[in-house]
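Here is a set of questions to work through with the sequence and the coordinates side by side.

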Amino acid sequence: MTIDVDLVVAGAGGGLIAAIRGAQLGLDVLVVDSDADFRRGNNTSMSTAMIPGPGSRFQAAAGITDSPELFLADVDRKTGGTADRRIAAALAQVGAELVEWLADDVGLPIELPTDFDYPGHAVPRVHSLPGRHGSALLGHLLDAVDRSARIDLLAPARLVGVAPAPEGRTAVLENPAGQREEITARAVLLATNGYGADRELVAAHLPEIADAHYHGGEHSRGDALRIGGELGAATGFLDAYQGHAALSAAARTLVTWTAVMHGGAVVDSGGTRFGDETTGYSEYAAVLAGRPGGRGWLVFDERIDGLCRAFGDYRDVLAAGAVRRADDPAGLAELIGAPAAALERELADLADVAAGTRADRFGRAATTALHPPYHAVEIVPALFHTQGGLLVDEHARVLDTAGEPVPGLYASGGAAAGISGRGAAGYLAGNGLLPALGLAYLAAGHLARSTRNPSEGAR
């Protein structure tokens, strides 16, 4: 049987990394995506383009000492030791290589923000792009795809099945009219994201966040779980997810958690804080969901407003008119409909904590006093994407229930079990995009090596 392509990539988000890297290594690649509007509708394009790269040259240039081992320690601490250690180690090792390859070979304007600390990261290691938005990342990746004669892109076309073939796999594709086509390939990469758009699966595995707004790709329907299951693949960490506690209620656009890390506070409808916001935006989504009305207000000041404007998402929230402004605490309370006494007490407490005259009652260590004029955005909790999926090895090969690689099948991103452990609390900023891009990068490298040397595929 004739092989049509070396690799079929299902998912034109982070999976594009496998296409670009594979083509660079001499592979012919077909990328398919079920969403005709994938350029603005997938999770990569909706991300903040955060990529941990421990030990990168960008860190060295900024005088930051980091290493894969330090990153692994942060993952262990944040997940309570529940993350998949093998995958975490593989991604920790490849992170710096990945961001440097994106800069040098793909031409991305990689930068390393050092103006604030992301929750759980011991040092600044989350690389991004100017504007810090996934749409820019996806645009650069698509430009690289267009430049390669070895890559074809077909959309809309949904991968509906993967069958054995004499020299690899047969990918069964279906167009919106229901017509099917079979493509033979040496391997298939499942990069179709997770199951966040399937409300039944979310209710079954993530009941604490099931009623929250879903802010992810509408084609993330669990295709990889179904296709992998048909081939005997093992699954894991299906209760893991990335939530976010700061989706603008009015604009339905992300308010960057930078506002919190620079000193902002989250209050409920009664004008009171209800936890340590700096623990992480992912786990705080469920905390916010449990407050009266399932919503709250992110309160900050003029200084923080200026710092947040580096983020394209925040500028979108501003443009939508969702950021309110008040000249004093009483006006702020009236603006958000909260009791003035309660809100004024919270602002005074934050000032005392910042001055060191009292400890925060929730254990928040880092804060600053907020000064008028005040700003506030009404926020709702959201589910961004699921973090559990098919179990893979350090080469991104899908594993069966006996722990052996399923021949010719790889998975990355939300299609694969990630490195966030259980629930939402183990999520670190960038640990959604790192498995999406990093596992795709590793898959392409492994397939290229095994194509040149078939014995490599057994390792």
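Predicted model: local features only at pLDDT ≥ 70, side-chain atom pairs only at ≥ 80, totals over all residues.

Q: How are helix α5 and helix α15 oriented: roughly parallel, roughly antiparallel, oblique or roughly perpendicular?
A: Helix α5, residues 85-104, packs with helix α15, residues 433-452, at an angle of about 85 degrees, and their axes are 9 Å apart. Angles from 65 to 115 degrees count as roughly perpendicular. The orientation of α5 to α15 is therefore roughly perpendicular.

Q: How many nonpolar residues does the contact of α5 with α15 have?
A: On the α5 side the contact includes I87, A90, L91 and V94, while L434, P435, L437 and L439 are among the residues that α15 contributes. By class, the contact of α5 with α15 has 2 polar residues and 1 charged residue, and its nonpolar residues number 13.

Q: Which residues of α5 meet α1?
A: Helix α1, residues 16-24, packs with α5 at an angle of about 75 degrees, with the axes 13 Å apart, and the two are therefore roughly perpendicular to each other. The residues of this contact divide into 4 nonpolar, 1 polar and 2 charged. From α1 come I17, I20, R21 and Q24, and the residues they meet in α5 are E97, W101 and L102.

Q: Which residue in β2 is the bridge partner of V9?
A: Strand β1, residues 5-10, pairs with β2 in the parallel sense over 4 bridges. The bridge partner of V9 in β2 is V31.

Q: Which strands do the buried residues of α8 pack against?
A: In helix α8, residues 223-230, the buried residues are D223, A224, L225, I227 and G228. Just after α8, G232 takes a positive phi of about 80 degrees. The buried residues of α8 pack against β6, β8, β10 and β16.

Q: What is the relative accessible area of D268?
A: D268 has its place in the loop between β12 and α10, where a polar atom of its side chain lies 2.9 Å from the backbone nitrogen of G270. Leaving aside neighbours within four places in sequence, D268 is in contact with F274, R291, R295 and G296. Buried means under 20% relative accessible area, and D268 is buried, with a value of 3%.

Conventions:
Residues numbered from 1 in each chain as written. Heavy atoms only, no water. Axes fitted to C-alpha atoms, helices over the stretch in contact; angles between N-to-C directions. Parallel < 35°, antiparallel > 145°, perpendicular 65-115°, else oblique. Contact = heavy atoms within 4.5 Å. Nonpolar A, V, L, I, M, F, W, Y, C, P; charged D, E, K, R; others polar. Buried < 20%, exposed > 50% of the residue type's maximum accessible area, 1.4 Å probe, protein only. Polar contact = N/O pair within 3.5 Å; in protein donor to acceptor, adjacent residues only side chain to side chain. Pairing = 2+ DSSP bridges.
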